[in-house]
Amino acid sequence: MEEQIITKNRILVGNLIKQVLLGKIKPSFACGKFPKERDLSIESAFYALVHLEADEDLRKNVNYKNEQDDYLLYIAQILEKGEALPKNIIAQYSKYYEEAPIYPEITKENIIKRLKKFINL
């Protein structure tokens, strides 16, 4: 994929994550706006955002919420520079890549349904 497109897509995703953290948009809406081109950094960010949505009950714990928000902000800041995420973050989500549900008709229900295949909810 062309380097300019990769950079542009990463910047877009970084901005989407920040809008979620600011409460301007819902995670499911942001996920539906993710670029469709394959990029493991974007796919990792997608799953980090999906976990935010799926962890709704866990986020009632202020420490958990703050930790997760800081992690997402870190991811957003890297992507906003157009850079790739560190290999350890990409590796953390590698088990999900085979069935990356990045597509326009993403809904909260679809995200949770696909996540249930991989995590205990």
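Reader: Which side chain does R10 meet in a salt bridge, and what is the N to O distance?

Author: Keep in mind that this is a predicted model. In it, the side chain of R10 pairs up with the side chain of D39 in a salt bridge. A salt bridge here needs a Lys or Arg nitrogen within 4 Å of an Asp or Glu carboxyl oxygen, and for R10 and D39 the N to O distance is 2.8 Å.

Reader: How many residues apart in sequence are the parts that R10 and D39 tie together?

Author: R10 sits in helix α1, which covers residues 3-21. D39 is in the loop between α2 (27-32) and α3 (40-54), so the pair ties together parts of the chain whose separation in sequence is 29 residues.

Reader: Is R10 buried or exposed, and what about D39?

Author: The cut-off for buried is under 20% relative accessible area. R10 comes in at 10%, and D39 has 9%. That makes R10 buried, and D39 likewise counts as buried.

Reader: Which residue forms a salt bridge with E80, and where is that residue?

Author: E80 has a salt-bridge partner with closest N and O atoms 2.7 Å apart, and that partner is K18. E80 belongs to helix α4 (residues 62-80), and the pair links distant parts of the chain, 62 residues apart. K18 lies in helix α1.

Reader: What are the relative accessible areas of E80 and K18?

Author: Partly exposed is the range between the buried limit of 20% and the exposed limit of 50%. Both residues carry that label: E80 is partly exposed at 25%, and K18 is partly exposed at 27%.

Reader: Are K60 and D57 buried or exposed?

Author: K60 and D57 form a salt bridge, with their closest N and O atoms 3.6 Å apart. Exposed takes over 50% relative accessible area. K60 has 67% and D57 has 57%, so K60 counts as exposed and D57 is exposed.

Reader: Which residues are linked with R59 in a network of salt bridges, and how many salt bridges are there by this rule?

Author: R59 is joined in a network of salt bridges with K65 and D69. By the 4 Å rule, the salt bridge count comes to six.

Reader: Which residues is Q68 in contact with, leaving aside its neighbours within four places in sequence?

Author: Q68 is placed in helix α4 and counts as buried, with 10% relative accessibility. R59, from the salt bridge network, is one of the residues in contact with Q68. With sequence neighbours within four places left aside, the contacts of Q68 are H51, L52, D55 and R59.

Terms used:
Residues numbered from 1 in each chain as written. Predicted model: local features only at pLDDT ≥ 70, side-chain atom pairs only at ≥ 80, totals over all residues. Heavy atoms only, no water. Helix = DSSP H or I, 4+ residues; strand = E, 2+ residues; numbered from the N terminus. Buried < 20%, exposed > 50% of the residue type's maximum accessible area, 1.4 Å probe, protein only. Contact = heavy atoms within 4.5 Å.
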